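Welcome! Let us walk through this structure together, starting with a single chain and ending with how its copies relate.

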2 protein chains.
Amino acid sequence: MSAQLPEIAKAWFDSVEFATIATIEPDGQPQLSVIWISRDGDDLLVSTVAGRRKHRNLERDPRCTVLLFPKDAPYSYVEVRGTASMTLEGGRELIDEHARKYTGAERYTADDGTDNVRVVVRITPDKVVTH
Amino acid sequence: MSAQLPEIAKAWFDSVEFATIATIEPDGQPQLSVIWISRDGDDLLVSTVAGRRKHRNLERDPRCTVLLFPKDAPYSYVEVRGTASMTLEGGRELIDEHARKYTGAERYTADDGTDNVRVVVRITPDKVVTH
């Protein structure tokens, strides 16, 4: 049973707000990182690089949790507990889209000259809490 | 072996920045919440209420992870993986101190008229990553 995002949470994920994602380390302790984010309906979309800690953690255990609070209204927040599915397809397009959204750049250039393989992390919400 | 906070992270935890804490749910999935925070040396101090989800999670598994990124410099961050110890002693003083720091109020009034029992969560860092 997937959960739905309230309209206010959709608006936050559509805006230029940074979010935090928690994945699960091999020993069970949460690993946190700051992320660019967007959405497709109720699913959240995050970009990562194949082989990075986040990617390895999600391959082992696809459960993850995302929290966003607006920078100028930090007493509001949305917490999404979800399950990630990952694909290489569209990986380049997603990071370019996020770079445009967050930096205004035409494309994401920090992967240039690297052998980074971009992964699309699609997070389907299982439970959503908004305050 | 506890870890130390770099000077830049100390400055962030001393300032009026909101942080995110991850605790571990009974099923292993991370639970995230937005928190007021301060520090005592290298230890982080967080206030919660006895019986709340965060408190119950930390009683069962004291491992937690804190992430802070400055609201106006979100490409910098500190991630602290730590272990929490909890005490009721000083619980009222800590939440009043945080209210002064974050809101300028003389004391924390939202507990007035409730039977909230305030808990001091002291997080000793095991590993610190700063970027």
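**A walk through the fold**

This is a predicted model, and its chain A has three helices and seven strands.

How much of chain A is buried? Of its 131 residues, 36% count as buried. The contacts tell us about the fold too: among those in chain A with a separation of 6 or more, 69% are between residues 24 or more positions apart.

Now turn to helix 2 of chain A, which covers residues 53-60. Its buried residues are A:Lys54, A:Asn57 and A:Leu58. Looking down the helix axis, you would find these buried residues within an arc of 95 degrees, so they line one face of helix 2. In general, an α-helix has 3.6 residues a turn, so residues three or four places apart point the same way. The buried residues of helix 2 pack against several strands of chain A, including strand 1 (19-24), strand 4 (43-49) and strand 7 (118-130).

Finally, bring in the second copy. Chain A superposes on chain B by a rotation of 180 degrees, with 0.0 Å of shift along the axis and an RMSD of 0.0 Å. That is the relation of a two-fold axis. The same surface serves both copies, as 100% of the contact residues of chain A recur in chain B.

Notes
Residues numbered from 1 in each chain as written. Chains lettered and ligands numbered in written order. Predicted model: local features only at pLDDT ≥ 70, side-chain atom pairs only at ≥ 80, totals over all residues. Helix = DSSP H or I, 4+ residues; strand = E, 2+ residues; numbered from the N terminus. Buried ≥ 20, exposed ≤ 12 C-beta atoms within 10 Å, placed from the backbone. Contact = placed C-beta atoms within 7 Å. Arc of directions from axis to C-beta. Least-squares fit on C-alpha atoms with pLDDT ≥ 70 in both.
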